[in-house]
Amino acid sequence: MKEFWTLLTRFDLKGLLVRPTTNPILQFVRYIFVGGFATIVDWGVMYLLTDALHIHYLLSSAFAFLAGLLTNFLLSKLLVFSASGKRFSVSIEFLGYAFIGLMGLAFTELILYLMTSVMGLHYMLSKIAATFIVLFWNYFARKILLYRDNP
């Protein structure tokens with residue numbers, strides 16, 4: 001926590017966001033930024049597919065998920081977990097990343113269905129709620145299963 005506050009008070013953006021680190025606080029802060037960007041991609045694709053192309057919101061959510069997953073994977077490799085122990089080849093790592101993401105997609109689809117079709121909320125409000133609920137699953141599953149430091 002001390003390292004995070006030191007970098008923040010010095011306004012060291014490279015240290016906060018770019019320089020490789022195994023510090024879990026810095027990794028989580030970076031994950032929030034990376035996830036925020038991937039979320040903008042996800043929400044934007046979903047909105048365009050649903051409103052512009054009139055694709056059902058559950059199907060457009062799945063396509064948007066793919067766009068967000070690729071964005072999140074690439075940026076997480078570069079900025080969040082770059083200093084963590086290399087445990088797998090990139091293809092195996094991506095499969096694990098995608099599997100965890102698919103679990104997150106299943107949670108998202110369930111939340112979307114319940115909040116939109118059952119409760120009657122707008123699909124984008126449901127998507128926003130689902131995003132924040134699933135964020136914690138995605139981070140901790142990836143941190144523990146894919147990017148934990150080698151003993």
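Predicted model: local features only at pLDDT ≥ 70, side-chain atom pairs only at ≥ 80, totals over all residues.

Student: How do you know that the length of helix H5 agrees with its number of residues?

Tutor: Helix H5 covers residues 90-118, which is 29 residues, and at 1.5 Å a residue it should span 42 Å. The expected span counts one less than the number of residues. The end C-alpha atoms of H5 are 40 Å apart, so the two values agree. H5 is followed by Gly120, whose phi is positive, near 85 degrees.

Student: What makes the pattern of the protein chain α-α-α-α-α-α?

Tutor: The chain has six helices and zero strands, and reading along the sequence gives that pattern.

Student: Why is a set of residues called a nonpolar core?

Tutor: The name applies because its members are buried residues of kinds such as Leu, Val, Phe and Tyr, joined through side-chain atoms within 4.5 Å. The largest such core here has 15 residues, and Tyr31, Leu69, Val80, Phe81, Tyr97, Leu146 and Tyr147 have the most contacts inside it. Helix H3 (24-52), helix H4 (57-80), H5 and helix H6 (123-145) each give two or more residues to this core. Apart from it lies another core of six residues, including Met46, Ala64, Tyr123 and Met124.

Student: Which residues does Phe81 touch, leaving out those up to four places away in sequence?

Tutor: Phe81 touches Gln27, Tyr31, Ser76, Tyr139, Lys143 and Tyr147.

Student: What share of the protein chain counts as buried?

Tutor: Of its 151 residues, 41% count as buried, the cut-off being under 20% relative accessible area.

How values were computed. Residues numbered from 1 in each chain as written. Heavy atoms only, no water. Helix = DSSP H or I, 4+ residues; strand = E, 2+ residues; numbered from the N terminus. Buried < 20%, exposed > 50% of the residue type's maximum accessible area, 1.4 Å probe, protein only. Contact = heavy atoms within 4.5 Å.
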